[in-house]
Each structure stands twice: as structure tokens, then as C-alpha cells.
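Here's a quick walk through one chain, from its overall makeup down to individual residues. Have the structure open as you read.

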Amino acid sequence: MSNPGGRTRNRRGEGGLLRDEIVAAAERILEREGDEAAITLRSVAREAGISAPSIYAHFADRDAIVEAVLDIAFERLRRLILSTVGTAQDDPVASLLAGCHAYVDFAQREPARYRVLFGRLREGRPELKTPLRMQDVPPRWRSRLQAFEVLVDGLAACVAAGRSASTDPFADASTLWTSLHGAVMMRQFVPGFPWPPFDEAVDVLVLRIGRITG
């Protein structure tokens, strides 16, 4: 049986399949349009070939769809970094460099998705007091920070191998992440500036901020 939007209705028990199709439709819109604002209930319904009201059986509103897109993108970033780091396990410094390059490569290849990940202002999110421990971060945020934890572990491995003079891998990894993000965003928003080659810039940030000694 087909619905008014022309899509064949899912059989009983296939609600999860429709939910995945809705999220995939939102991802395609973001990739194609390069702007989170293009994701609306109507545009997602049109992309998925369903009626807009049928979305409410799976998502409370448009923001819930965007949050699902975010979850997938954070997991994709985590897996990309882990797979890249795994290629240089014998050398902790090479592994750290590889992970950081994977991070900026993701940002360059998928700028719209990256901006949604780290540049979106979300209403109603909890305010966190400082100083803060990772275990104090809300569970959903913690799951989205797993790529950062790979960075902390990578720098700690350099310290353990005697290759870094860092006395606080968490703090230095935080500074490194901030610097990498700044380098990404500045190149996106000031493209005409004579920036040094990005690969070289990433190496410099990692070696200096990570206090790599050899």
C-alpha cells in the first residue's frame, strides 16, 4: 500500500526502518545544501517520500531529527579517528599525528556537518560548572566526546613512551583540540588569508601543544 507521498508504507514492525530513512533523508539534505536550516519537517518528508505528519511517530520535532543526525556524525568521526590511529600503533607520536589529521580532514571534507557538530547553539542545554571532570558530563555529551578521549589517550601514550613532556595530558589535549578547531574554522571563514599548508600547521600544533620531545 502506498501513502499520499508516493512511498510504499512500511509493514508492521518496520517502524525502526522508517526512522532510519528519515535520518538518512536529513543527512542528504545537509550534505547537499550545506546548511542546517535546510532541514525542516517538510523538506525531510519530501526527501524521504513520506507525509510530514508520519514523522511525529518517530521524532517529536525537527530538532530531534537534527540530534539524531548529530549522533551519527559524532560516531562517524570517532570511528574515523580510531581507524586512522590504529594504522600507527607502533609509534605513539605518529598515532597522535594521524588522529589529529583525521579530525581536520573530516572537517574539511564535510564542512556543513562539522559546523553542525561544533558550531550549533542548542537551546535548553544544561550549564556545566567548572572545574569539571569527564564523569560529570551529561551521558549524551560524554558519548559525543569519545573522539576527544582518543586524543587524550593518544597524548598520554606519548608521555608513557617518554616522547612527550606533558604533565597533564587532559589539559594539553583540550588546548590541542581547541587549536585544531580554531584552525579549521578560521580557514572556513577567512579563506583568502595566506594560511600555511594545513598539513604542516597541524603537525606544528600537535608537536608544540603536545610537548613532543622526540
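**Overall picture**

Keep in mind that this is a predicted model. The chain has 214 residues, and 41% of them count as buried. On secondary structure, it comes to nine helices and zero strands, so you read α-α-α-α-α-α-α-α-α along the sequence. As for how the chain folds back on itself, take the contacts between residues at least 6 apart in sequence: 63% of those join residues at least 24 apart.

How confident is the predictor? The average pLDDT is 85, with 86% of the residues scoring at least 70. Helix 9 does best, at a mean of 96, while helix 6 (residues 139-144) has the lowest confidence, at 74. Take some care at the start of the chain. Over residues 1-8 the pLDDT stays under 50, and the model has 15 contacts beyond four places in sequence for that stretch. Residues 10-14 also stay under 50, with two such contacts.

**The core**

Which residues touch the most other members of the largest nonpolar core? They are Val44 and Ile55, in a core of 61 residues. In general, nonpolar side chains of soluble globular proteins tend to be buried together. The largest share comes from helix 3, with ten residues.

Val44 is worth a click. Setting aside residues up to four places away in sequence, Val44 touches Ile22, Ala25, Ala26, Ile29, Ile39, Ile55 and Ile65. Val44 is also one of the buried residues of helix 2 (residues 41-48), a list that includes Leu41, Ser43, Ala45 and Ala48 too. Just after helix 2 comes Gly49, with a positive phi of about 75°.

**Helix 3 against helix 5**

Now turn to helix 3 (residues 62-85) and helix 5 (residues 111-118). Their axes sit 10 Å apart and the packing angle is about 105°. That makes the two helices roughly perpendicular, because angles of 65 to 115 degrees fall in that class. On the helix 3 side, the contact is made by Val66, Leu70, Ala73, Phe74, Arg76 and Leu77, and helix 5 answers with Arg113, Val116, Leu117 and Phe118. Sorted by class, that gives eight nonpolar, no polar and two charged residues.

Two of those names come up again around Glu27, a residue of helix 1. Is Glu27 buried or exposed? Its relative accessibility is 12%, so Glu27 counts as buried. Leaving out neighbours within four places in sequence, Glu27 is in contact with Val69, Ile72, Arg76 and Arg113. Arg76 of helix 3 and Arg113 of helix 5 are also part of the helix pair's contact.

**A few single residues**

Some residues make handy landmarks for how separate parts of the chain come together.

| Pair | Separation in sequence | C-alpha distance |
|---|---|---|
| Gly162 and Ile212 | 50 residues | 9.0 Å |
| Val204 and Leu97 | 107 residues | 9.9 Å |
| Leu82 and Ser95 | 13 residues | 9.6 Å |

Gly162 is in the loop between helix 7 (146-160) and helix 8 (169-189). With a relative accessible area of 52%, Gly162 is exposed, since the cut-off for that label is over 50%. Val204 belongs to helix 9 and counts as partly exposed, at 38% relative accessibility. Leu82 is in helix 3, and for Leu82 the relative accessibility is 38%, again partly exposed.

Last stop is Arg211, in the segment after helix 9. For background, most residues other than glycine have a negative phi. Arg211 is partly exposed, with a relative accessible area of 43%.

Note on methods:
Residues are numbered from 1 along each chain as its sequence is written. This is a predicted model: local features need pLDDT of at least 70, side-chain atom pairs count only at pLDDT 80 or more; totals for chains, interfaces and linings use all residues. Side-chain values use heavy atoms; hydrogens and water are left out. Axes are lines fitted to C-alpha atoms, for helices over the stretch in contact, and angles run from 0 to 180 degrees between N-to-C directions. Helices (H or I, at least four residues) and strands (E, at least two) are DSSP runs, numbered from the N terminus. Angles under 35 degrees count as roughly parallel, over 145 as roughly antiparallel, 65 to 115 as roughly perpendicular and the rest as oblique. Contact means heavy atoms within 4.5 Å. Ala, Val, Leu, Ile, Met, Phe, Trp, Tyr, Cys and Pro count as nonpolar, Asp, Glu, Lys and Arg as charged, and the others, Gly among them, as polar. Buried means under 20% relative accessible area, exposed over 50%, partly exposed in between (1.4 Å probe, protein chains only). A nonpolar core is a set of buried Ala, Val, Leu, Ile, Met, Phe, Trp, Tyr and Cys residues joined through side-chain atoms within 4.5 Å. pLDDT is the predictor's confidence in each residue, from 0 to 100.
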